Structure formats: C-alpha cells, structure tokens
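Here are my notes on the model, written as a numbered list. Have the sequence and the picture open while you read.

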Amino acid sequence: MGKHFFDYEDGDFAYLISNNMAIDSDGNLLMRTGKNIAMDMDSGELHIMSDWPNDENDD
C-alpha cells in the first residue's frame with residue numbers, strides 16, 4: 001500500500017485509499033475531517049492522526 005500514518009487513538013497505522021479516506025490495519029474506514037483528525041465510519045468516533053498527507057504528490 002501507499003502512504004501511511006499513525007492513529008494515536010488506537011495505536012495502529014492507517015493507509016491512504018483516497019484524498020479523504022483511509023483504512024487502518026483492522027479494516028476500519030476513516031474519513032478525514034481535518035488536518036490531523038479523522039472519523040471512524042463505523043463508530044463515529046474521532047481519531048487524532050499523525051500528519052495526514054494532503055495530496056497524492058506528497059512523498
């Protein structure tokens with residue numbers, strides 16, 4: 001998978017699947033709501049993330 005970043009709420013990594021969506025190592029979908037905030041699409045909980053890449057050209 002491509003770019004990944006850390007989810008401080010549950011201690012695992014998430015992987016970018018589009019500009020505003022990611023999937024974590026447990027298979028949960030996360031939707032970006034801010035630069036370092038994402039919402040778990042199943043539970044509705046907010047997660048604090050490490051720096052979410054904001055476009056596909058970031059390395």
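1. Does Y8 count as buried or exposed? At 53% relative accessibility, Y8 counts as exposed. The cut-offs are these: buried is under 20% relative accessible area, exposed is over 50%, and partly exposed is in between, with a 1.4 Å probe and protein chains only.

2. Before going on, a word about what you are looking at. This is a predicted model, where local features need pLDDT of at least 70 and side-chain atom pairs count only at pLDDT 80 or more, while totals for chains, interfaces and linings use all residues. Residues are numbered from 1 along each chain as its sequence is written, and side-chain values use heavy atoms, with hydrogens and water left out.

3. The six strands make an open sheet, in the order β1-β2-β3-β4-β5-β6, with antiparallel pairing. Two strands pair if DSSP finds at least two bridges between them. At the edges sit β1 (4–7) and β6 (46–48), each of which pairs on one side only. On average, neighbouring strands are turned by 35° against each other, direction ignored; the axes behind that angle are lines fitted to C-alpha atoms, for helices over the stretch in contact, and angles run from 0 to 180 degrees between N-to-C directions. As background, strands of a sheet pair through backbone hydrogen bonds, either parallel or antiparallel.

4. Follow the chain from the start. β1 pairs with β2 (residues 12–16) over four bridges, in the antiparallel sense. Here D7 has D12 as its bridge partner in β2, and H4 has Y15. The two strands form a hairpin with four residues between them, and G11 in the turn has a positive phi of about 70°.

5. β2 pairs antiparallel with β3 (residues 21–24) over three bridges, and a hairpin of four residues joins them. Y15 turns up again here, opposite I23 in β3. Then β3 and β4 (residues 29–32) run antiparallel, joined by three bridges, with M21 opposite M31 in β4. Their hairpin has four residues between the strands, and G27 in the turn has a positive phi of about 90°.

6. In one, the rings of F6 and Y8 have centres 5.2 Å apart and planes at 75°, so the pair is edge-to-face. In the other, F6 and F13 have ring centres 5.3 Å apart and planes at 70°, so this pair is edge-to-face as well. The rule for rings of Phe, Tyr and Trp (its six-membered ring) is centres within 6.5 Å; planes under 30 degrees apart are stacked, over 60 edge-to-face, and the rest tilted. F6, Y8 and F13 form one aromatic cluster. F6 is partly exposed at 25% relative accessible area, and F13 is partly exposed at 38%.

7. What makes up the largest nonpolar core? Eight residues: F5, A14, L16, A22, L30, A38, M49 and W52. Such a core is a set of buried Ala, Val, Leu, Ile, Met, Phe, Trp, Tyr and Cys residues joined through side-chain atoms within 4.5 Å. Leaving aside neighbours within four places in sequence, W52 is in contact (heavy atoms within 4.5 Å) with a list of residues including F5, L16, A22, L30 and A38. Of the 59 residues of the protein, 29% count as buried.

8. Last, look at I48 in strand β6. I48 is partly exposed, with a relative accessible area of 42%. Not counting residues up to four places away in sequence, I48 touches F6, D7, Y8, E9, N36 and I37. One of these, N36, is 12 residues away in sequence and 5.8 Å away in space, C-alpha to C-alpha.
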